[in-house]
Amino acid sequence: MKLIQNVRDKFSSLFGGFGDSEPKRIGIYGPPNSGKSTLANRICKDWTGETLGTEGPVPHETRRAKKRENVTIKHDGKEVTIDIVDTPGVSTEVDDKDFQERGMDEDVAKRRSREATEGIAEAMQWLREDIDGVIYMMDATKDPFMQVNTMLLGIIESHNMPAVVLANKIDLEEADSQRIADAFPQHTTLPLSAKEGDNMDDIYKQIASKFGD
Amino acid sequence: MNDKNNNKNGIRIDLMRESQLAGMGRTEKIRHIIDKVKSGCIVVLESGLSPDDHAMLIEKTMAEIDQEDFTGVDIESYPDDTTKEDRGLLGRVLNRNESKTPSKNLTVIGPANRMETLHKDENQISAILNP
């Protein structure tokens, strides 16, 4: 028995295991304030019992990528184990005046801006080098054609990464998830309220299907 | 703002032909665009940027933001509507690397703190500048 185990371990180290592949790193991407951290926390809470990071109404609340390893998601007999990476919201501009308008003093606003720019650059590096698949979050109350969506989805598609596209904030009256589905017909868009937990069952089904082996 | 390209009453707009950027490597191309935008110029690219160009543009822009003179870029373009089927048999067989291929669509890039709004609809991109 020990001999069999030794042979198995040897082959395992040589070939990366008997089907025990490394968990895929799944990045949650999208513009600032689209609900990425809320979703990351909900997924982690549902499957590990713990949250991942803080959420807030001010853009760029997440300014460092945060990772939770080995989150196993099961749905209808399908199972996938992934590392969830909650990334800072991506934008092409960061202005400390936007933070000052929300009541922060100048020093705090400037520090937050600097951290936000570093966080965005870090999110792009993760996407380029370390991410295997993407959960892309859009705010269903906003114009889906905002340039950052077009750019990021273009990058994701060009690298042939599997992606789950979500139209978040459907709990709000002005939300229109169909507008996102129409804007990006090459993806299946799922409506979602990360805050209320609406439609999470479909999300988990899609995650298990899209990122599973 | 370094206004070397602009006088007090005007703003410079550079329309760049595809051939002007075609000879540049990615780093040089993005550097060239950001330098122009940082100086207050609005850049209109005849041919758009590739997905990898976009990624580098975001990263380099973040590194350049200083909160005093440069708060980033506003950018608008039309998505590349060339489908995989349109790319021809050879392109599909050779699995052309799309991440490195510029889109054929007009792209407008300007300094965020000079752009009041940058808006696109189905047929045009409109830029409204701060006075």
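This is a predicted model: local features need pLDDT of at least 70, side-chain atom pairs count only at pLDDT 80 or more; totals for chains, interfaces and linings use all residues.
View 1. Residues are numbered from 1 along each chain as its sequence is written, and chains are lettered from A and ligands numbered from 1 in the order in which they are written. Chain B brings 21 residues to the contact and chain A brings 20; two residues are in contact if their C-beta atoms, placed from the backbone, lie within 7 Å. On the side of chain B that touches chain A, helix 3 (51-64) and strand 3 of chain B are the elements that give two or more residues. Helices (H or I, at least four residues) and strands (E, at least two) are DSSP runs, numbered from the N terminus. Helix 3 of chain B supplies the largest share of that side, 8 residues. By class, the side of chain B that touches chain A holds 10 nonpolar, 7 polar and 4 charged residues. Here Ala, Val, Leu, Ile, Met, Phe, Trp, Tyr, Cys and Pro count as nonpolar, Asp, Glu, Lys and Arg as charged, and the others, Gly among them, as polar.

**View 2. Helix 5 of chain A against helix 3 of chain B.** Let's look at how these two helices pack. The axes of helix 5 (residues 147-158) of chain A and helix 3 of chain B are 8 Å apart, at an angle of about 130°. That makes helix 5 of chain A oblique to helix 3 of chain B; angles under 35 degrees count as roughly parallel, over 145 as roughly antiparallel, 65 to 115 as roughly perpendicular and the rest as oblique. Axes are lines fitted to C-alpha atoms, for helices over the stretch in contact, and angles run from 0 to 180 degrees between N-to-C directions. A:Met151, A:Gly154, A:Ile155 and A:Ser158 of helix 5 of chain A meet B:Pro51, B:His54 and B:Ala55 of helix 3 of chain B. This helix contact has 4 nonpolar, 3 polar and no charged residues.

**View 3. The open sheet of chain B.** Four strands line up in the order 1-2-4-3, with mixed pairing; two strands pair if DSSP finds at least two bridges between them. Strand 1 (13-16) and strand 3 (73-77) of chain B are the edge strands, each pairing on one side only. From one strand to the next, the twist averages 15°. Strand 2 (residues 42-45) and strand 4 (residues 107-111) of chain B run antiparallel and are joined by 3 bridges. Look for B:Val43, which stands opposite B:Ile109 in strand 4 of chain B.

**View 4. Two positive phi values in chain A.** A:Asn70, found in strand 2 (residues 66-75) of chain A, has a positive phi of about 55° although it is not a glycine. A:Asn70 counts as exposed because it has 11 C-beta neighbours inside 10 Å. A:Lys169 lies in the loop between strand 5 (163-168) and helix 6 (177-183) of chain A, and its phi is near 75°. A:Lys169 counts as buried, with 25 C-beta neighbours inside 10 Å. A residue is buried if 20 or more other C-beta atoms lie within 10 Å of its own, exposed if 12 or fewer, and partly exposed in between, with C-beta atoms placed from the backbone.

**View 5. The surroundings of A:Val80.** A:Val80 sits in strand 3 (residues 78-86) of chain A and counts as buried, with 21 C-beta neighbours inside 10 Å. Not counting residues up to four places away in sequence, A:Val80 touches A:Ile73, A:Ile207, A:Ala208, A:Phe211 and A:Gly212.
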